[in-house]
Amino acid sequence: MSASPVAADTWWQEGVCYEVFVRSFYDSDGDGIGDLKGLTARLDYINDGNPASTKSLGASCIWLMPIDKAVSYHGYDVTDYYHVDPRYGSDDDFRNLVAEAHRRGIHVIVDFVPNHSSNQNPWFESALRGPGNPYRDWYRWSSTPRSEKGPWGQELWHKSPLRDEYYYGLFWGGMPDLNYETPALLAEMLKVTQYWLTDMHADGFRFDAIPYLVEDDGRIQHTRGTHEVLRKFRETIRATSPGSFTIGEMSDEDPQILATYYPDQLDAYFAFGVAFATVNAARTGKATDFIKAVSDANRLLPAGRWSPFLSNHDHVRVMSQLGGDVARERVAAGAMLMLPGMPFVYYGEEIGMLGVKPDETIRNPMQWSSAPNGGFTSGRPWEPLQPDWRAKNVAAQNADGSSLLNHYRRLIQLRNSHPALRSGDLTMVPTGDTTGTIAAWLRRSKGEAFLIVVNFGDRRTRVPLPGLRGILPTNAVAPERAYMDPQGACDGIPMMDDDSSEVSSIAGRSVCVFRLPPN
Ligand SMILES: [Ca+2]
């Protein structure tokens, strides 16, 4: 069982990506704020470059939440799209991070915030002064108050602090929307993406809030103009750096809406519907909605171009959603990491970090060890750590072979080691399960197939697999167990040579992966 190398132009179809909030990952200089040098120092944790390593997570991609110069702590209100925020380091610190990441087989994608800038961006400060000023048309204006409300009931038009007029800002007054109907603005934002690819050596972008790029006659999301702008971004990015990757945040969980963003816009999108269904299945013990969400995505969206995940920086952390129940998170992670597309793991998820809103407390400093401040900083952390850091941290879970962290490592290593699990296609397998707790699917590539059986419920269950023979053309297959969690979860193995194929039984809250050898 040896790892095959990942081809340069398909890396994003085969790897696992790790979402990092730089501010909270590791602080190199003691000011309490995580920084690029700190992240660089901890790259081996993410991937040490050795495919056989059992000590690193094995991710081949990192997504950095915004690192551009910005006003707020989260960085989604950019004041300068061409430079790294000095709180995180210098532009050269970023280039050095990329070089060090590449040495380990890690690609670096950066958050790109195309929908809006900060109201302290010099472009907006100029535009505020009125018609005739540079950048005026890079934002949208109204001479009269307007009462339309946004998707979550918010005000969309904000009073100018300088003049008797209003500007458009979907999220809030501090983040005025950029106006893509102005050709110069579109050209500038395309240039920003080129700059990060060519001068900063980034490998691609996570596009923030893509449904809202262009407003059209009262419609504020999913407009024709938005799709057109996304096409232009991908064309430019592809032409500039053919091996790069773009993934969009389209957070509506309806796969029919997501389908309108293919085939010719960004490379991939986060599968929010699948993510919510996965965590809900682990929480409720019911597999039905998970099976439906995965089947819908598989049917409606292009293969390998939707990314599974459990939660991100906008959601209550998975472990909190699951009431602190490690067995539930283990089964959620097992299901998620055995799906196709590039899965995303949110930093700290792999050790089961807790966190509920407000946003700052789902983005706490990483819990590295039981040293002061969890080993995150030698100074005073920008935000206190979650209270459980002394017991729950990377060092403690390194020392425990059965920890959640080692479960993530083993799952990712298994995935990385097999083309069928990395990039093979997906076929849901109907089971004879009557408890509604079981999901089963096949991942197949040329000459290799895996059967994944997940029990979201809490009881040991018999799993008849009458659907298997109809899917696999062979009569006699002797599968082998490739992974079980927890140990001993699966009794018996699915036999293919009679009508009663079944996994004799599968323990509650467990994941079983069977390898079906080529015949
Ligand atoms: Ca720092």
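## What counts as a contact

Two residues are in contact if their C-beta atoms, placed from the backbone, lie within 7 Å. Keep that in mind as we look around this predicted model.

## A visit to Asp 111

Let's start with a single residue. Asp 111 sits in strand S5, which covers residues 107-112. Is Asp 111 buried or exposed? A residue is buried if 20 or more other C-beta atoms lie within 10 Å of its own. Asp 111 has 21 such neighbours, so it counts as buried.

Which residues does Asp 111 touch, once its neighbours within four places in sequence are set aside? They are Leu 64, Met 65, Pro 66, Arg 206 and Asp 208. Take Pro 66 from that list: 45 residues separate Pro 66 from Asp 111 along the chain, yet their C-alpha atoms are 4.9 Å apart.

## A visit to Ser 53

Next comes a residue in a loop. Ser 53 lies between helix H4 (43-46) and strand S2 (61-64). Ser 53 has 14 other C-beta atoms within 10 Å, so it is partly exposed.

## Two helices side by side

Now look at a pair of helices. Two packed helices are described by the angle between their axes and the distance between the axes. Here the pair is H10 (residues 272-284) and H11 (residues 288-300), whose axes come within 8 Å and cross at roughly 160 degrees. Angles over 145 degrees count as roughly antiparallel, and therefore H10 is roughly antiparallel to H11. Their crossing is left-handed.

Which residues make the contact? From H10 come Gly 273, Val 274, Ala 277, Thr 278, Asn 280 and Ala 281, while H11 brings Asp 289, Phe 290, Ala 293, Val 294 and Ala 297. Sorted by class, seven of these residues are nonpolar, three are polar and one is charged.

## The whole chain

Finally, step back to see everything at once. The chain has 17 helices and 21 strands, and its C-alpha trace spans about 80 × 50 × 40 Å along its principal axes. For 519 residues, a compact globule would have a radius of gyration near 24 Å; the chain has 24 Å, so the two agree.

Of the 519 residues, 51% are buried. Among contacts with a separation of 6 or more, 65% link residues 24 or more positions apart.

Terms used: Residues are numbered from 1 along each chain as its sequence is written. This is a predicted model: local features need pLDDT of at least 70, side-chain atom pairs count only at pLDDT 80 or more; totals for chains, interfaces and linings use all residues. Axes are lines fitted to C-alpha atoms, for helices over the stretch in contact, and angles run from 0 to 180 degrees between N-to-C directions. Helices (H or I, at least four residues) and strands (E, at least two) are DSSP runs, numbered from the N terminus. Angles under 35 degrees count as roughly parallel, over 145 as roughly antiparallel, 65 to 115 as roughly perpendicular and the rest as oblique. A crossing is left-handed if the near helix is turned anticlockwise from the far one by less than a right angle, and right-handed if clockwise. Ala, Val, Leu, Ile, Met, Phe, Trp, Tyr, Cys and Pro count as nonpolar, Asp, Glu, Lys and Arg as charged, and the others, Gly among them, as polar. The radius of gyration is taken over C-alpha atoms; the globule rule is 2.2 Å times the number of residues to the power 0.38. A residue is buried if 20 or more other C-beta atoms lie within 10 Å of its own, exposed if 12 or fewer, and partly exposed in between; C-beta atoms are placed from the backbone.
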